[in-house]
Amino acid sequence: MTTIEGAPKANAQRPLSHPWFLPSVREAIDAYACIAVWLAGFSIFTVAPMVASLGIAMTKWDIIADAEFVWFANFARLASDPLVRVSSINTVFISFLSVPLHLIVALALALALNQKIRNILVYRTIFFLPSQMPLVASALMWMWIFNPDFGLANVGLTSVGLPPLKWLFDPSLSKPTIVLITLWGGVGTAMMIFLAGLQGIPEQLYEAASIDGAGSWATFRFVTVPMLSPVIFFNLIIGIISSFQAYFTLIYNTTQGGPGHATLIYVMYIFFKAFQDFQMGYAAALSWVLFTVVLALTGLQFLMARRWVHYEGGE
Amino acid sequence: MRMPLFINPASAGTPLSRRRVLGATGLGLIFAACGEASPKPADTKPAVSAAPVELKVAYWSSSPEDHVVFENVFKIFGEKTPGTKVAFDDVPSDQFVQKMTTMLAAGTPPDTMELHPAWVLEFINGKRLTDLTDRARDHKGLYIQAQLDFWTANGKLWGMPYYSGPSFIMYNKSIFKKAGAKNPEDLAKDGQWTWENLRKAAQAVTSGTGGDKVFGWDAAPENLQFYMSVPVWDNQGELTNKDETEWTITTPAVTEVVQYHADMVLKDKSMPTAADLQGISWLFRTGRVGMAWAGKFRSLEVGTVDFEVGMVGTPKGKTGPINRDGPNASGLPTGTKNVDQAYKLVLYMGGVDAAPTYLASGRPVPVQKALVESDIFKKSLKPWERLEIYKESINTVRAWRVPGKGAEAARAWTAEWSKVSLGQQDVPTALKNAKAAMDPTLKA
């Protein structure tokens, strides 16, 4: 008599005629089908232009006339272009000042907003709101605040007997002023990520630390920071990438790279070369150098992260 | 070696492998997806029927009032030209070159586009404009010669003029009355309208602090190529050498003029700096400026101000007066589809037919000789506008266009001037640094 249990047993023993029927392969096909649309968009609108830009970087091309193939001349030109040096120094200055500052302020705010107090949601909204403000509107507002003649910043300084400053119009002050402005609009997102990270730290770790007699600084140092380190690492990576690329809108709408070339950052120089001077080949070469530098910095951070980032369940 | 992008002549004649064909097809599909196909060669067949034509035109207006003038001109042209409708694209001036270049590269240029002396040479040399020499042969005689000279290069005409705005100085009579100072018109009447007296007049009316400060003179010295050209020429100086291969801005004549402006900013504090102009496109309109360079189009903008306006010509220098112009012409970009109708429009804009709308609006100074003495022009002038000043200005215009890569050169000078205006760099150093950065922009 054929039993019901016999059938699946026989079925299971039958060898699969084609590797495509393997569950792991079918799963992979399903996964790729699900991301196919995104993958197509990514290939067409990101990968293809990147590949094209590498070709363009080896040409002299003003969009309209035919391109002249110049091999690596654009890359060689970078070395002797004084504005590449100036804009690189400015970018590094702004980046090195803004990234640690953003991380510290965002973490401090997240710690403050992680307290169990009344109306905490209102406070969180208030501190997050500036990051949602349109960048152009924000830039114009800060231009007025830092106006040397009648800006609020100088009203504040003079009211306590300090001399007024030229802020964005002073070559030595303009970069720190830009960083100050980015702090206002830029910490909100990092703060929310820190907050989510803080709320994911198991309560029993704090209880154990308390039982062991740890004070608030020791708890922060030996519980919060290690448990939060993956989040700090994430914010650090995003912060560095953004600082090399994302301040364009703000600077374009405030100083346009001035006074002198004090706030001319690398991405703005790329923009000028591409869309004001129409030196597309040179701009593409500049872009590839930036991409390589950011990639190298990110890789370096991943290498260093092994020493200080602790993943739950990791070694 | 010049060649179309991504085509390697070295590979011609090489047998095509399947991999190469597949690769080329893949790349082709990618680029086809990213951009519009190249324009097809012009159809040589005559049009079967006179289908309605929509002319796409790109110009920039400098104010809401200006926009309305353009709208009216195009509307009336459409009404007077059966089967033709004009679609006006009002492109902000600071985005104009980018947009036109992109449209040309995409093979979708407008039928007509505005031209400006700041960058027209780049468009002519880049073969982005249609040669209008033959079409304009019978019409050239109608125009003021300087207005044609702006758009003539390599012996060919590349644009049809429609707007002229030769330089003059607008002043705020109310400020001068309040300060009890002799105004520029009175100085001119007494034969004392010199650059030195302009500086004294500016000092006399400068007053106040902060947001209420009144500045005597607004001249935009950060714009070396346009606003500084007149005092430089009047000082017997030149901005470039004759064949335009070198900026001559370190010469004594130019240095004197830049120093004069630097002194007005730093010593007299009678000129606004970048910080004072923040977010304000033209400070004169706010009533906080005694005197300012102006072009005719500005007369529309002072129509509703609550102060009394006056006008005066260029002050006397070592020579001159030699005036600049911020003229505009209409060009037909290469690849324009409706060349005949487009040419009709550009001819119409600066001519007698459009005068009751365009010239009467008070926006331009005429570009055609016959219109200078016309009643339409005379009636278009506001009570404070003086015909004799315009006439002198028209006759003393020097048709100079910015050579080389104008935007790059302008950025270089602006960067150096900003340090001067902050008192952090002296004028000779600024000019020397600017020259070093600007000279390469004149090389091909």
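Visitor: In what order do the strands of the open sheet of 4 strands in chain B lie?

Guide: In this predicted model, the order is β8-β9-β7-β10 of chain B, and the pairing is mixed. At the edges stand β8 (215–218) and β10 (309–312) of chain B, each of which pairs on one side only. On average, neighbouring strands of this sheet are turned by 20° against each other, direction ignored.

Visitor: How many bridges join β7 of chain B to β10(B)?

Guide: Strand β7 (residues 168–172) of chain B runs antiparallel to β10(B), and 4 bridges join them. To locate the pairing by residue, take B:Met170, whose bridge partner in β10(B) is B:Met311.

Visitor: Which strands form the open sheet of 5 strands in chain B?

Guide: That sheet has the order β2-β1-β3-β11-β6 in chain B, again with mixed pairing. Its edge strands are β2 and β6 of chain B, each pairing on one side only. β6(B) and β11(B) are antiparallel and share 3 bridges; B:Pro161 stands opposite B:Ala329 in β11(B). Helix α2(B) lies across β1 and β2 of chain B and runs at about 165° to β2(B).

Visitor: Which residues of α12(B) are buried?

Guide: They are B:Ala342, B:Tyr343, B:Leu345, B:Val346, B:Tyr348, B:Met349 and B:Gly350. Their cover includes β1 (53–59), α2 (64–80), β2 (84–90), β3 (112–115), β6 (160–163) and β11 (328–331) of chain B. The length of this helix may also be checked: at 1.5 Å a residue, the 12 residues of α12 (residues 339–350) of chain B should span 16 Å, and the end C-alpha atoms are 17 Å apart, which agrees.

Visitor: How should I read the packing of two helices in chain A?

Guide: Two packed helices are described by the angle between their axes and by the distance between those axes. Helix α4 (residues 82–112) of chain A and helix α10 (residues 216–245) of chain A pack at an angle of about 150°, their axes being 9 Å apart. The crossing of α4(A) and α10(A) is right-handed. Among the residues that meet are A:Ser95, A:Val99 and A:His102 in α4(A), and A:Leu236, A:Gly239 and A:Ile240 in α10(A). By class, this contact has 8 nonpolar, 7 polar and no charged residues.

Visitor: How many residues does each chain bring to the contact between chain A and chain B?

Guide: Chain A brings 32 residues and chain B brings 32 residues. On the chain A side, α2 (23–56), β2 (68–69), α6 (135–145) and α12 (266–276) each supply at least two residues. That side has 18 nonpolar, 7 polar and 7 charged residues.

Visitor: Is A:Trp71, which has a positive phi, buried or exposed?

Guide: A:Trp71 has 9 C-beta neighbours inside 10 Å and therefore counts as exposed. Its phi is about 50°, and its place is the loop between β2 and α3 (73–80) of chain A. B:Asn154 has a positive phi of about 55° and lies in the loop between β4 (152–153) and β5 (156–157) of chain B.

Key: Residues numbered from 1 in each chain as written. Chains lettered and ligands numbered in written order. Predicted model: local features only at pLDDT ≥ 70, side-chain atom pairs only at ≥ 80, totals over all residues. Contact = placed C-beta atoms within 7 Å. Nonpolar A, V, L, I, M, F, W, Y, C, P; charged D, E, K, R; others polar. Axes fitted to C-alpha atoms, helices over the stretch in contact; angles between N-to-C directions. Left-handed = near helix turned anticlockwise from the far one by under 90°. Expected span 1.5 Å × (residues − 1). Buried ≥ 20, exposed ≤ 12 C-beta atoms within 10 Å, placed from the backbone. Pairing = 2+ DSSP bridges.
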